[in-house]
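I opened this model to record its fold, its strand pairing, its core and its surface. The entries below follow the order in which I looked things up.

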Amino acid sequence: MDIHVFDFHMTAWQVAVTIGLLFMIAEVFVPGFVMFPIGLAFMATAPITLWVDSFAGQIAVLAGLLIVTFVIFHKLIPRTQPHERLSNVDDMIGKTATVEVDIDNDANAGYVKLYGDSWRAVNLEDGTIGKGSKVKIEQLDGNKVLVRKI
């Protein structure tokens with residue numbers, strides 16, 4: 001099948017290769033790694049156009065190859081972002097902090113210092129934890145940390 005574009009005579013395989021190359025080049029400018037598999041499908045379709053004369057048949061081959069390339073790339077390319085995102089605050093769980101102000105649950109008082117920041121602290125056990133003591137952050141409750149003395 002011949003295609004005439006602006007007085008240029010191009011065969012179907014040349015059109016497929018050209019479009020494939022354009023998609024592959026576009027991958028450099030578009031995030032998400034989507035353009036490359038599309039370009040690859042066009043490139044893989046190019047030699048098949050030599051045997052399949054009908055335009056509908058060529059489109060069907062291209063559609064099938066698009067599906068195959070996306071399935072293969074989805075399996076081979078690892079996700080760049082984890083499914084569960086943890087914030088910096090969530091990273092505090094399990095860390096050791098220093099008591100800055102005595103932790104007394106009855107008096108609703110107590111602060112710990114971690115990473116240079118002060119956090120309102122609640123003792124998970126009975127009793128008071130004195131200033132300068134080391135505690136382990138067990139849980140978070142809003143803007144409070146729940147701690148145990150080490």
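**Basis.** I worked on a predicted model, in which local features need pLDDT of at least 70 and side-chain atom pairs count only at pLDDT 80 or more, while totals for chains, interfaces and linings use all residues. Residues are numbered from 1 along each chain as its sequence is written, and side-chain values use heavy atoms, with hydrogens and water left out.

**Layout.** I took helices (H or I, at least four residues) and strands (E, at least two) as DSSP runs, numbered from the N terminus. The protein has 3 helices and 7 strands. Read from the N terminus, the order of elements is β-β-α-α-α-β-β-β-β-β. I then looked up contacts, meaning heavy atoms within 4.5 Å. Of the contacts between residues at least 6 apart in sequence, 41% join residues at least 24 apart.

I used the Shrake-Rupley method with a 1.4 Å probe for accessible areas; for residues, only the protein chains shown count as cover. The protein exposes about 10,200 Å², and carbon and sulfur atoms supply 62% of that area. For single residues I called under 20% relative accessible area buried, over 50% exposed, and anything in between partly exposed (1.4 Å probe, protein chains only). By this scale, 25% of the 150 residues count as buried.

**Strand S7.** I next asked which strands pair with S7, where pairing requires that DSSP finds at least two bridges between two strands. Strand S5 (residues 117-123) runs parallel to S7 (residues 144-149), and 4 bridges join them. Within this pairing I noted Ala-121, whose bridge partner in S7 is Val-145. Strand S6 (residues 134-141) pairs with S7 in the antiparallel sense, over 6 bridges. Here Lys-136 stands opposite Arg-148 of S7. The hairpin of S6 and S7 has 2 residues between its strands, and Gly-142 takes a positive phi near 70° in it.

**Core.** I searched for nonpolar cores, defined as sets of buried Ala, Val, Leu, Ile, Met, Phe, Trp, Tyr and Cys residues joined through side-chain atoms within 4.5 Å. The largest one has 13 residues, and Ile-103, Val-112, Val-135, Ile-137, Val-145 and Val-147 have the most contacts inside it. Strands S3 (96-104), S4 (109-114), S5, S6 and S7 each give two or more residues to this core. S3 supplies the largest share, 3 residues. In soluble globular proteins, nonpolar side chains tend to be buried together. I also listed the neighbours of Val-145, leaving out residues up to four places away in sequence: Val-145 touches Met-92, Val-112, Trp-119, Arg-120, Ala-121, Val-122, Ile-137, Gln-139 and Leu-140.

**Surface patch.** I looked for patches, which are made of residues with over 30% relative accessible area and no salt bridge, like charges being joined within 9 Å and nonpolar side chains (Val, Leu, Ile, Met, Phe, Trp, Tyr) within 5 Å. Leu-21, Ile-25, Val-28, Phe-29 and Val-30 form a nonpolar patch with about 520 Å² of accessible area together. Phe-29 lies in the loop between helix H1 (12-26) and helix H2 (35-48). Phe-29 is exposed, at a relative accessible area of 67%.

**Positive phi.** I checked residues other than glycine for positive phi. Asn-108 has phi near 55° and lies in the loop between S3 and S4; its relative accessible area of 59% makes it exposed. Tyr-115 also has phi near 55°. Tyr-115 lies in the loop between S4 and S5 and is exposed, at 53% relative accessible area.

**Salt bridges.** I counted a salt bridge where a side-chain nitrogen of Lys or Arg is within 4 Å of a carboxyl oxygen of Asp or Glu. The search of the whole structure finds 2 of them. One is formed by the side chains of Lys-113 and Glu-100 (3.3 Å, N to O). This pair links strand S4, which holds Lys-113, to strand S3, which holds Glu-100, and its residues are 13 apart. Lys-113 is partly exposed at 38%, and Glu-100 is partly exposed at 26%. Another joins the side chains of Arg-148 and Glu-125 (3.5 Å, N to O). Arg-148 lies in strand S7 and Glu-125 in the loop between S5 and S6, so this pair ties together parts 23 residues apart in sequence. Arg-148 is partly exposed at 33%, and Glu-125 is partly exposed at 38%.
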